[in-house]
Amino acid sequence: MGILGAAAIAPAALVRPARSTPGVDVVAVAARDRRRADKFAAKHRIPNVHGSYDDLLADPDIDAVYVPLPNGLHGRWTIAALEAGKHVLCEKPLAANAVEAKRMADAAERSGLLLMEAFHWRYHPINVQLLDLVAGGAIGRVERIDAAFCFPLLGKPGDIRWRADLAGGALMDAGCYPINMVRAVAHSAGFDEPEVVGARIASTRAGRSRGVVDRAARGELRWQASNGAPVAGSVRCSMWGRDVLALSLDVHGDAGKLHVRNPLAPQLFGRLRGRTERGPVRERADRSVTTYGCQLRAFAAAVQRGEPFPTTADDGVRNMAVIDALYRAGGLEPHEPSA
């Protein structure tokens with residue numbers, strides 16, 4: 001595998017998990033700044049540094065690439081990687097908007113190669129267990145689904161997450177997770193995609209952002225169940241707002257309820273608790289099992305053996321469609337790809 005961009009997330013998301021994942025070797029990195037790429041490679045013992053993204057994609061020894069670039073560049077370089085014959089693990093959110101995500105999915109289909117969106121939470125055993133309980137009817141008919149990811153984004157004003165021209169913002173960086181979570185639960189319960197009922201978005205012109213960027217958002221969702229009343233749900237996200245810290249997933253049914261504390265990274269004090277028809281559920285996450293490690297093993301299994309996985313390009317298109325709808329419901333337009 002090669003890495004497009006010496007991103008801060010790359011060591012946790014790929015470099016370290018690869019050391020314990022059979023059949024996966026991180027062999028190259030490229031960055032806009034060659035000196036930064038050299039420093040990154042030396043620190044993480046990556047043997048090859050390429051002078052450009054195009055040079056890395058032309059390397060015949062690389063089978064797949066990890067794309068941790070700013071959101072507004074995901075589409076351009078994912079499509080370029082697929083056209084160069086590389087499988088792609090692309091950071092979330094998949095694209096700047098649903099239209100671009102569809103172009104990426106189409107490129108993957110044309111190439112016959114694999115495109116996985118890096119929603120690492122989805123691969124951890126605690127979260128898989130919750131989805132299995134829902135699918136098995138352990139809490140009866142699902143009546144409500146809520147998820148939240150709120151945190152204070154401190155640091156430099158020029159952080160890419162505060163830049164509208166790079167498709168930043170709370171819904172893109174944080175909100176994509178709870179949206180993906182409630183959608184996964186709904187699918188396990190047999191529901192289709194949600195309808196956006198309403199949204200409230202707090203915006204700001206932070207740092208060097210070129211235009212308005214959202215700092216916090218709340219969305220109300222609804223699913224039309226085929227066998228009963230509509231199912232309600234909500235998503236909350238914030239990079240700066242009254243919700244200083246929140247990270248949870250809650251599912252209520254007519255025969256029980258389930259709660260995951262820290263579904264994003266259960267290895268950090270994550271727990272699954274609840275009440276089901278079969279009795280109480282109380283489970284602590286194994287701190288030695290990381291979401292990124294589970295994700296990379298799934299990616300490798302999909303590339304090497306064709307095994308199925310949930311965070312497909314098509315699912316990414318549908319996740320982006322909900323993000324776009326929330327922006328519109330909150331009075332903003334969806335992002336555009338970066339120039």
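Me: Which elements do the buried residues of α2 pack against?
Reply: The model is a predicted one. In helix α2 (residues 34–44), the buried positions are Ala 37, Phe 40, Ala 41 and His 44. Seen down the helix axis they fall within an arc of 95°, so they line one face of α2. That buried set packs against β1 (2–4), α1 (10–18), β2 and β3.

Me: Which exposed residues are carried by the face of α2 turned away from its buried side?
Reply: The buried residues line one face of the helix, because their directions fall within an arc of 95°. Turned away from that side, α2 carries the exposed residues Arg 35, Lys 39, Ala 42 and Lys 43.

Me: Which residue caps the N-terminal end of α2?
Reply: A side-chain oxygen of the capping residue lies 2.9 Å from the backbone nitrogen of Arg 35. As for what comes after the helix, α2 is followed by Arg 45, with a positive phi near 55°. The N-terminal cap is Asp 33.

Me: In the open sheet of six strands, which strands stand at the edges?
Reply: The strand order is β3-β2-β1-β4-β5-β6, with parallel pairing. An edge strand here has a single partner, so one side of it is left without a neighbour in the sheet. The twist averages 20° from one strand to the next. The edge strands are β3 (48–50) and β6 (115–117).

Me: Which residue in β3 stands opposite Val 29?
Reply: Strand β2 (residues 28–30) pairs with β3 in the parallel sense, over three bridges. Opposite Val 29 in this pairing is Val 49.

Me: At about what angle does helix α8 run to β5?
Reply: Helix α8 (residues 291–305) lies across β4 (64–67), β5 (87–90) and β6. Its angle to β5 is about 160°.

Me: In the open sheet of eight strands, which are the edge strands?
Reply: The order is β8-β9-β10-β7-β11-β12-β13-β14, and the pairing is mixed. Each edge strand pairs on one side only. From one strand to the next the twist averages 5°. The edges are β8 (195–204) and β14 (279–284).

Me: Which residue in β9 is the bridge partner of Arg 200?
Reply: Strands β8 and β9 (residues 213–223) run antiparallel and are joined by nine bridges. Within β9, the partner of Arg 200 is Arg 218.

Me: At about what angle does helix α7 run to β7?
Reply: Helix α7 (residues 170–188) lies across β7, β8, β9, β10 (231–238) and β11. Its direction relative to β7 is about 155°.

Me: With which residue does the side chain of Asp 146 form a polar contact of 2.6 Å?
Reply: Asp 146 lies in strand β7 (residues 142–150) and is buried, with a relative accessible area of 15%. Leaving aside neighbours within four places in sequence, its contacts include Val 182, Gly 233, Ser 248 and Asp 250. The side-chain partner in the polar contact is Ser 234.

Me: How many disulfides does a search of the whole structure find?
Reply: Cys 150 is buried, with a relative accessible area of 1%, and Cys 176 is buried too, at 0%. The sulfur of Cys 150 is 6.6 Å from its closest cysteine sulfur, in Cys 237, which is too far for a bond. For Cys 176 the closest cysteine sulfur is also in Cys 237, and at 8.7 Å it is too far for a bond. The number of disulfides found is zero.

Technical notes. Residues numbered from 1 in each chain as written. Predicted model: local features only at pLDDT ≥ 70, side-chain atom pairs only at ≥ 80, totals over all residues. Heavy atoms only, no water. Disulfide = S-S within 2.5 Å. Buried < 20%, exposed > 50% of the residue type's maximum accessible area, 1.4 Å probe, protein only. Helix = DSSP H or I, 4+ residues; strand = E, 2+ residues; numbered from the N terminus. Polar contact = N/O pair within 3.5 Å; in protein donor to acceptor, adjacent residues only side chain to side chain. Contact = heavy atoms within 4.5 Å. Pairing = 2+ DSSP bridges. Axes fitted to C-alpha atoms, helices over the stretch in contact; angles between N-to-C directions. Arc of directions from axis to C-beta.
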